[in-house]
Amino acid sequence: MENFVYSVPTRIYFGKGQIQNLGTAVREWGGRALLVYGGGSIKKTGLYDTVMRLLKESGVAVTELSGVEPNPKITSVREGVRLCRENGVDVVVPVGGGSTIDCAKVVAAGACYGGDAWDLVIHPEKIGKVLPVVAVLTLAATGTEMNGNAVISDRSKNDKFGTFSQNMKPKASILDPEYTFSVSRKQTAAGTADIMSHIFEAYFNNVPGAFTQSRIAEALLKTCIHYGPVALEQPENYEARANLMWVSSLAINGLIGCGAPVGWTVHPMEHELSAFYDITHGVGLAILTPHWMKYVLNENTVGKFVEYGVNVWGIDAGLDRFEIANRAIAETAAFFKKLGIPATLREVGIGGENLEVMARKSVACMGNGFVPLRAEDVLAIFRAAL
Ligand code: NZQ
Ligand code: ZN
């Protein structure tokens, strides 16, 4: 295990009715809030009215940024920055899924930055002071509620990049699993696949001796495998929604990655798919993951796949190593199919036309991965996934 520094200063309010703490959590940071939300799901569920009432009762003046798109765009960020400046906003309050919260984080950073907010997306080191963010999560997937990441797109250039700052970690996040009862089948499945992918990205590493991180990761994967299908069949099953919500945060808040660093590879590949075709992030990940696994399975990596197959899928440890590994990969693909996620790129409208450029762009965003990939490797994975 390697040395690490681990700090997550986000205060989590988890469970039914925790929204009652919103006013106090926001008030701690000031009296003028920018409320950020997406295309209207919070209005349909009534959460918008609750949030507005609680903020008003706490004497918080609210400015609104609405209509944040899935795969949030830099244009929405710029609009949010403008609203913050014009209204002297003290605290940014996103209410929604990962897209809304990511947009809000970069708005909060951009409001304290002299130049254009896109600089902060492509140069994370330029992020300095950030307005405090107090988030209300409505979709279990990205883990943005408890980390310093944000992923922003510029459709005019087919660019989608992740940025990061310790200062973008929310000061507080309200996680009420009941808010996810209304999440559609498609988004529930995609969210589960996204959570699993975050775990895979950390779990498949080459660091010896990170036993604790690996066993935690396996427990988190088993949670997704157990509760993902339950949430699909019973959208109002509190236990399933609660477990998925908490696993979404734990998967990507640094817990399983600290001490066992590794460059992520499937996420940079998927970010190109959603940059070029605006598809749902978790769907792209579910399509690519089994093909990535097959591609990187070799004599050096088989041991990790055996751990995965035996500990997560319960495959007989007495079988041949490659037999275990291949069965584990097949189980992974079958699980995503069971969630109702398409298995090929063509099914989500992606053909062969941009594969080369997407492959080149994705490797530029990869660190030193479990198996380092070159553009031709990514291209082969994309082609296999077609
Ligand atoms: O916009 P509204 O109307 O709110 O509808 C949203 C949207 O259409 C809907 N939704 C959200 N909560 C709902 C709901 N519908 C009914 N009931 C609810 N309670 O779901 C749709 C998708 O929402 P979105 O926020 O886009 O989904 P998700 O949370 O999966 O976020 C995806 C974005 O996060 C990025 C992805 O790349 C993508 O841009 N990621 C962010 C990460 C991070 N910050 O750490 C890491 C991830 O790997 C990921 O890259
Ligand atoms: Zn993800």
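Reader: Hello! How far is an oxygen atom of ligand 1 from an N or O atom in the side chain of S99?

Author: Welcome! This is a predicted model. In it, S99 is one of the residues that come nearest to ligand 1. The distance from a ligand oxygen to an N or O atom of the S99 side chain is 2.5 Å.

Reader: What share of ligand 1's accessible area does the protein cover?

Author: On its own, ligand 1 has 960 Å² of accessible area. The shell around it draws at least three residues from each of domain 1 (11–179) and domain 2 (185–385). Of the ligand's area, the protein covers 88%.

Reader: How many residues of that shell are polar?

Author: There are 30 residues around ligand 1. Eight of the shell residues are nonpolar and three are charged. The polar ones number 19.

Reader: Which residues coordinate the zinc ion?

Author: The zinc ion is ligand 2, and its donors sit at 1.9 to 2.2 Å. Along the chain they follow the spacing D-x3-H-x68-H-x13-H. They are D194, H198, H267 and H281.

Reader: Which helices hold D194 and H267?

Author: Both residues are buried. The pair ties together parts that are 73 residues apart in sequence, because D194 lies in one helix and H267 in another: α7 and α10.

How values were computed:
Residues are numbered from 1 along each chain as its sequence is written. Chains are lettered from A and ligands numbered from 1 in the order in which they are written. This is a predicted model: local features need pLDDT of at least 70, side-chain atom pairs count only at pLDDT 80 or more; totals for chains, interfaces and linings use all residues. Side-chain values use heavy atoms; hydrogens and water are left out. A residue is near a molecule or strand if one of its heavy atoms lies within 4 Å of it. A polar contact is a pair of N or O atoms within 3.5 Å; within protein, one must be able to donate a hydrogen and the other to accept it, and residues adjacent in sequence count only if both atoms are side-chain atoms. Accessible areas come from the Shrake-Rupley method with a 1.4 Å probe; for residues, only the protein chains shown count as cover. Ala, Val, Leu, Ile, Met, Phe, Trp, Tyr, Cys and Pro count as nonpolar, Asp, Glu, Lys and Arg as charged, and the others, Gly among them, as polar. Domain bounds come from an automatic or database domain assignment. Donors are N, O and S atoms within 2.8 Å of the metal (3.2 Å for Na, K and Ca); water is not among the atoms, so sites may look incomplete. Helices (H or I, at least four residues) and strands (E, at least two) are DSSP runs, numbered from the N terminus. Buried means under 20% relative accessible area, exposed over 50%, partly exposed in between (1.4 Å probe, protein chains only).
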